[in-house]
There are 2 protein chains.
Amino acid sequence: MEPATHQTWRRSFYYLHGAFILPKRFQSGQAEHAAVSASPRVRPRLLVSRLYQPSNLRDVGQESRLAGQMTCKSQRLMQQAGLIHPSNPGCYYYLPAAVRSMEKLIKVIDQEMHEIGGQKLDMPSLCSADLWKASERWDLMGKELFRLKDRHRADYCLGPTHEEAVTTLVAHQTTLSYKQLPLLLYQITRKFRDEPKPRFGLLRGREFYMKDMYSFDVSEEAANQTYESVCEAYSRLFARLSLRCVQVQADTGNIGGTLSHEFQLPADIGEDHLLLCGSCSFSANAETLSSGRTDCPQCNTGSLVESKGIEVGHTFYLGKKYSHIFKATFSSAQNKPATAEMGCYGLGVTRILAAAIEVMSTEEEIRWPGLIAPYQVCVLPPKKGSRVDKAAVFAEELVQTLGEAVPHLRGEVVLDDRTHMTIGKRLKDANKLGYPYVIVVGQVALEENPKIEVVCQQTGETMFLSKDGLLDLLGRVETV
Amino acid sequence: MEPATHQTWRRSFYYLHGAFILPKRFQSGQAEHAAVSASPRVRPRLLVSRLYQPSNLRDVGQESRLAGQMTCKSQRLMQQAGLIHPSNPGCYYYLPAAVRSMEKLIKVIDQEMHEIGGQKLDMPSLCSADLWKASERWDLMGKELFRLKDRHRADYCLGPTHEEAVTTLVAHQTTLSYKQLPLLLYQITRKFRDEPKPRFGLLRGREFYMKDMYSFDVSEEAANQTYESVCEAYSRLFARLSLRCVQVQADTGNIGGTLSHEFQLPADIGEDHLLLCGSCSFSANAETLSSGRTDCPQCNTGSLVESKGIEVGHTFYLGKKYSHIFKATFSSAQNKPATAEMGCYGLGVTRILAAAIEVMSTEEEIRWPGLIAPYQVCVLPPKKGSRVDKAAVFAEELVQTLGEAVPHLRGEVVLDDRTHMTIGKRLKDANKLGYPYVIVVGQVALEENPKIEVVCQQTGETMFLSKDGLLDLLGRVETV
């Protein structure tokens, strides 16, 4: 150990036994008259015993109904692990660990959208009926639209998507020039859809988070290029999440337009039927092909194989459908008003979260795309009163050191302080929650050359590392 | 210039003239067939000409109505600068610069809430009427509640606040132990309130972002301590934003409970009337005192001075009002079920944004709390074809260097590339938008010892710095 490191180690030990790691009253259930120390600010330790991750929520009066709905793995695992809790049908509380994961997913999406020039805004959920009548979707959407009246009896819907709203916004800018196009505007907000049969937890809800992007271009050719660049961004996104995703030709539904693709994660539970060609890259939603077709319309040689998929993204080339109705124009290079070519592009944010868990997890244990796991590391100190009790100090020091030596793991390391439980039971819990790295501090930590046991969830591998080896391993963990 | 720095400078120059700073087609209005380069990934430059900050949105059919509503400075400045755009009454589009500012504000709030042990969750907007009937607020809230029915004719409201929802959630955890208390749960989500007279832009809207936290404690004494610690966190928050905030005694309204404070920013436009004692720390909302009272009820010697304020935060000690109704219990140290003591604590997120602009700006120019300005730095290269045209390269290099040499300013530096406009006109724009630091690259940048002109918005000071001096200055800028 280098002198400098040694000093850090000492200092962290000092802090650990000081009063302000957690404000003192948080360290036991008894409230004490300890003033909240103003400075120096020490980041509170993350203790499993204090995390609101209630894994056994009772369901007053809903047991039977929900039991029937608990029809897929991700829903079951997410409720068991205290990630989500059902509220109304199709509506969920997102509990703290799920919020952490979702915020990370949103960061990754933001990065990919910025990369292609996307700019983030935020549009009202309350959408005026007038706009939806102008696009004729007020009637077309039927019962899927949540509708309400305000105190003046004016009609509104809760936006399930925002073509009308964003096109109106862009139309209001009288000075939009061709030089400012392509314009890519997106938001990541809560959306509402009164599903006839909400089910599968976050996979088909009535209230959910969606990323919706809208593009405005000078020409059909330019719009096609934008369409391509969004599809590429989606592919990069799923690659970064280590999710195998298939881009298939899709139906345009009531959004309108002439070109559409779905991004599907192949999964047994999927509600979509896909047809994939064995010989070429052709893939399509079965809806788009005539029923019973088995030969590939692209290469004419391959035969189509059926698969099920969970739709996690959808892209549409809209043409001038909305820009014509709402008069979204720009001044062309010839200084004449021209109508913008549009596209729209959705990603189901909460759905990606659940779908990732659906396809990556075992029946009993959650597995995450590493980048968006709620926490990266869980450290398990030995059971209190056990033979290796002394290693507890080592575990606490380790948590502190990790926070200092690996800056991007700050806030990512959890200490399972429930030391009245055996290591085995806590390890089982940690495996269930799927922390990418579980560190067991036991017997080998007390040896002359202390070793740390590390369980790598992604590979299932268990390693015994020196502290330097551990820092090296964790220093390479990718975070967002 | 050090050799290493020099090399960086060279490299950035190379990148600047490469094709992939912005995907090429984004550099002009004409779409070109340039494939989006996959790697190496270079962060796109931020160009003023490309930012969606439409400062002159037309209001089809709403001009007259909106003109009448444009009753305060923050609304006018925010609309003029392209930060917000009106949608339905009391509902706004938050445009990209406003979203950036809001996301920063949310980060600061998150930090302060985590500091006192707060855990973030996210509850449904659709709240079942059953819950609101149980608390009797279904009737009590009257027309302020947005109400709707789903396809099965079940009644819902759009949550303006979530005491019912969060208490139900906590009640569902059958194993909650006194050891887990205090439990502080909060969310930062969109809230809905059907205001009779929405006005003042984001200061009184019908759809807005709020941070609402709910606390659960073992005893009244412990709940009071939690209450104190939240109030202290609020004070720290406003101090970090350089906003003068007064904590005043308040009425508990229909939330219920026995103790309540408001956090008020003194401002002429404020809708609340405050009474502050000249001699002691006493301050209260005038509503809570008998009308016409001028002597201080706390020190009995001072006299009360009236002030107006914008309410940006509100804290309530709720006691057992909701925990009793919804049976939110925990097992005590004696292993007996006991009802939790609750508090609730709001912060108006979008309101803080507008209120900060209201109290800090001049009539014509926006000023931000530095920490949450949408961008920290704007660089102005010289006018094209002007005498000092050559300095343009220097400006572009500067933007690149800042991104590399000052990591926490990554994504915070904007280049005003509208070089067909004079420096003077662009400087005026930059002052209006209130970038904390505006850098003018002109004549002095071409001298033998190049100097950079820096306008510091907070102080109004103009400085001429060497590049090292500038890096030193900007290296000390606090960001979140």
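## Helix H3 and the makeup of chain A

Just after helix H3 of chain A, A:Gly82 takes a positive phi of about 75°. The model is a predicted one, and in it H3(A), which spans residues 73-80, is mostly covered, with 6 of its 8 residues buried. Those buried residues are A:Lys73, A:Ser74, A:Gln75, A:Leu77, A:Met78 and A:Gln79.

Chain A as a whole contains 13 helices and 21 strands, and of its 480 residues 58% are buried. When contacts in chain A between residues at least 6 apart in sequence are considered, 69% of them join residues at least 24 apart.

## An open sheet in chain A

Five strands of chain A form an open sheet of mixed pairing, in the order E18-E17-E19-E20-E21. Strand E18 (413-415) and strand E21 (462-465) stand at the edges with a single partner strand each, so one side of each is left without a neighbour in the sheet. From one strand to the next, the twist averages 25°. Within the sheet, E17 (residues 377-380) and E19 (residues 437-440) of chain A pair in the parallel sense over 4 bridges, and A:Leu380 has A:Val440 in E19(A) as its bridge partner.

Helix H11 (residues 391-405) of chain A packs on this sheet, touching E17, E18, E19 and E20 (452-456), and its direction makes about 160° with that of E18(A). Helix H13 (residues 467-475) of chain A lies across E17, E19, E20 and E21, running at about 125° to E21(A).

## The interface between the chains

Between chain A and chain B, 97 residues of chain A are in contact with 97 residues of chain B. The area buried between the two chains is about 8300 Å², and carbon and sulfur atoms give 50% of that area. The count of salt bridges between chain A and chain B is 7.

## Salt bridges across and within chains

Over all chains, the structure holds 51 salt bridges. One pair crosses between chains, from B:Lys120 in strand E3 (residues 118-120) of chain B to A:Glu103 in helix H4 (residues 96-115) of chain A, and the closest N and O atoms of this pair are 2.6 Å apart. B:Lys120 counts as buried at 10% relative accessibility, whereas A:Glu103, at 35%, counts as partly exposed.

Helix H4 of chain A also holds A:Glu112, while A:Arg240 lies in helix H8 (residues 220-240) of chain A, so their pair ties together parts that are 128 residues apart in sequence.

In chain B, B:Arg367 forms a salt bridge with B:Glu365, with 2.6 Å between the closest N and O atoms. B:Arg367 is buried, with a relative accessible area of 12%, and B:Glu365 counts as partly exposed at 23% relative accessibility. Elsewhere, salt bridges that share partners join A:Asp194, A:Arg206, B:Asp150 and B:Arg151 into one network.

A search of the whole structure finds 0 disulfides over all chains. For A:Cys456, the closest cysteine sulfur is that of A:Cys378, 14 Å away and therefore too far for a bond; A:Cys456 counts as buried, at 9% relative accessibility. B:Cys296 is likewise in no disulfide, and the nearest cysteine sulfur, in B:Cys277, is 3.6 Å away, whereas a disulfide requires the sulfur atoms to be within 2.5 Å. B:Cys296 is buried as well, at 0% relative accessibility.

Terms used:
Residues are numbered from 1 along each chain as its sequence is written. Chains are lettered from A and ligands numbered from 1 in the order in which they are written. This is a predicted model: local features need pLDDT of at least 70, side-chain atom pairs count only at pLDDT 80 or more; totals for chains, interfaces and linings use all residues. Side-chain values use heavy atoms; hydrogens and water are left out. Buried means under 20% relative accessible area, exposed over 50%, partly exposed in between (1.4 Å probe, protein chains only). Two strands pair if DSSP finds at least two bridges between them. Helices (H or I, at least four residues) and strands (E, at least two) are DSSP runs, numbered from the N terminus. Axes are lines fitted to C-alpha atoms, for helices over the stretch in contact, and angles run from 0 to 180 degrees between N-to-C directions. Contact means heavy atoms within 4.5 Å. Buried area is the accessible area (1.4 Å probe) that two parts lose on being put together, summed over both. A salt bridge is a side-chain nitrogen of Lys or Arg within 4 Å of a carboxyl oxygen of Asp or Glu.
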